[in-house]
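Have a look at it first, then read on.

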Amino acid sequence: MHRFGIYGTPLESDFGVIIPWSARDIERKFHTFSIKADVLEGDHPFLIGFPTITSMKASLNFSEAELYVTISNESCCFKL
């Protein structure tokens, strides 16, 4: 059972998946990692929950369109 927002509507997931992600950061270094996600019924964007964002130590810089994450104790920056 998942909730979106502090008082969001609870939603049941149909099933879970592990999404492999490979990308090059702004320094052209190659990184591969996985994101565990639940599949929800409906037409909506890919959502990453607060626990996942916290565990990745992620932050967004909207003015520069950059995503910062920590992978294996290494801070990485990706252009959005």
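Predicted model: local features only at pLDDT ≥ 70, side-chain atom pairs only at ≥ 80, totals over all residues.

## A hairpin to start with

Strand β3 (residues 15-24) and strand β4 (residues 30-39) run antiparallel to each other, paired over 10 bridges. Strands here are DSSP E runs of at least two residues, helices are H or I runs of at least four, and both are numbered from the N terminus. Two strands count as paired if DSSP finds at least two bridges between them. Phe-15 has Val-39 in β4 as its bridge partner.

Together, β3 and β4 make a hairpin with 5 residues between them, and Arg-28 in the turn has a positive phi of about 70°.

Residues are numbered from 1 along each chain as its sequence is written, and side-chain values use heavy atoms, with hydrogens and water left out.

The protein chain has a mean pLDDT (the predictor's confidence in each residue, from 0 to 100) of 79, and 85% of its residues reach 70 or more.

## A three-stranded sheet

Next comes an open sheet of 3 strands, in the order β5-β6-β7, with antiparallel pairing. β5 and β7 (74-79) are the edge strands, each pairing on one side only. Ignoring direction, neighbouring strands of this sheet are turned by 25° against each other on average; the axes behind that angle are lines fitted to C-alpha atoms.

β6 and β7 pair over 6 bridges, in the antiparallel sense. Glu-66 stands opposite Lys-79 in β7.

## The second largest pocket

What lines the second largest pocket? There are 12 lining residues, with Ile-48, Ile-53, Ala-58, Leu-60 and Leu-67 nearest its centre. β5 (59-61) and β6 (66-71) are the elements that each give two or more residues to this lining. By class, the lining has 11 nonpolar residues, 1 polar and no charged ones.

The second largest pocket holds about 190 Å³ of space. A pocket is an open set of points on a 1 Å grid where a 1.4 Å probe fits, with protein on both sides within 12 Å along at least five of seven lines; lining residues have an atom within 4 Å of a point.

## One glycine in a loop

Gly-49 sits in the loop between β4 and α1 (50-55). The C-alpha atoms of Gly-49 and Ala-37 are 8.9 Å apart, with the two residues 12 apart along the chain.

Conventions. Points joined across faces, edges and corners; volume = space filled by probe spheres on them. Nonpolar A, V, L, I, M, F, W, Y, C, P; charged D, E, K, R; others polar. Axes fitted to C-alpha atoms, helices over the stretch in contact; angles between N-to-C directions.
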